[in-house]
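Let's take a walk through this structure together.

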Amino acid sequence: MKLPKNLRSGFMREDVENYLHELLPARDKVVSEMEEYAAQHNVPIIGPAVARLLALLVQISGAKRIFELGSAIGYSTVWLARAAGAKAKVTYTDGDVEKARRAKEYFQRAGVAKRIEVRIGDAMALLKRAPGTFDLIFNDVDKHQYPAALRVALPKLQRGGLLVTDNTIWAGKAARPAAPEDHDTQGVQEFNRMVYASKDLYPVLIPLRDGVTVCQKL
Ligand SMILES: C[S@@+](CC[C@H](N)C(=O)[O-])C[C@H]1O[C@@H](n2cnc3c(N)ncnc32)[C@H](O)[C@@H]1O
């Protein structure tokens, strides 16, 4: 099966990337449909390889209170909600009303609507206003906002909790000098520097797909 363009890393050898993708078990009808919709409309979802990592992190940490920054059509949200179980509360956030409408339909069909709260607006403002702290925060907003997302997420994360951030290799651009007008690459680079310099976090950047950074709050 050819890996669709919206799931390519941009830095990994094509044969290796195809191999990693081909190993993955088939997804159910709703999740497969979401993947097809994302491929056709070039929606930048995390894809099944990173989704499995997210689900594994939820399963081994037992996270129940989960907040997502940047949820689009709800692909990553469905994986988080399924892994966290019936007693979990997952907060979906996105600034795009149409994507949120589509996401809600998928949540119903995937059988996880009851454990997901859909919030429309600026993801960071919504997280700041959310009561209490979270066991896991998944960050996938526009990349120039990553340093701001980190500043907002840190105080909202439970001690021992996980901050998971997608696209931290950013098609390889994170490893090269960024052009002055490339604020997304600069945002990713600054985020990577910040987490590794932080005394409050234990980060690991995993070069899976476009790079995923998993940080535990100390
Ligand atoms: C990469 S997509 C999210 C994909 C999703 N996490 C998944 O894997 O299925 C990024 C989304 O974040 C939203 N977004 C970006 N910046 C945002 C912000 N500050 N507040 C709310 N939504 C934002 C965009 O509208 C877009 O739908």
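**A loop to start with**

Begin at Ala171, which sits in the loop between β5 (157-166) and α8 (183-197). Those labels are DSSP runs, counted from the N terminus: helices are H or I with at least four residues, and strands are E with at least two. Before going further, keep in mind that this is a predicted model, where local features need pLDDT of at least 70, side-chain atom pairs count only at pLDDT 80 or more, and totals for chains, interfaces and linings use all residues. Residues are numbered from 1 along each chain as its sequence is written, and side-chain values use heavy atoms, with hydrogens and water left out.

Most residues other than glycine have a negative phi. Ala171, though, has a positive phi, near 55 degrees.

Now look at Ala72, in the loop between β1 (65-69) and α4. Ala72 is not a glycine either, yet its phi is positive, about 50 degrees. At 16% relative accessibility, Ala72 counts as buried.

Two packed helices are described by the angle between their axes and the distance between the axes. Here, the axes of α2 (residues 29-40) and α4 (residues 75-84) come within 10 Å and cross at roughly 155 degrees. That makes α2 roughly antiparallel to α4 (angles over 145 degrees count as such, on a scale from 0 to 180 degrees between N-to-C directions). Which residues meet across α2 and α4? On the α2 side they are Val31, Met34 and Glu35, and on the α4 side Tyr75, Val78, Trp79 and Arg82. The residues of this contact (heavy atoms within 4.5 Å) divide into five nonpolar, no polar and two charged.

Next comes α1 (residues 14-22), where Glu17, Asn18 and His21 are buried. Seen down the axis of α1, its buried residues fall within an arc of 100 degrees (taken from the directions from the helix axis to the C-beta atoms), so they line one face of the helix. These buried residues pack against α3 (47-61).

Finish at Lys5, in the segment before α1. At 69% relative accessibility, Lys5 counts as exposed. The C-alpha atoms of Lys5 and Ala39 are separated by 7.1 Å, with the two residues 34 apart along the chain.

Terms used:
Angles under 35 degrees count as roughly parallel, over 145 as roughly antiparallel, 65 to 115 as roughly perpendicular and the rest as oblique. Ala, Val, Leu, Ile, Met, Phe, Trp, Tyr, Cys and Pro count as nonpolar, Asp, Glu, Lys and Arg as charged, and the others, Gly among them, as polar. Buried means under 20% relative accessible area, exposed over 50%, partly exposed in between (1.4 Å probe, protein chains only).
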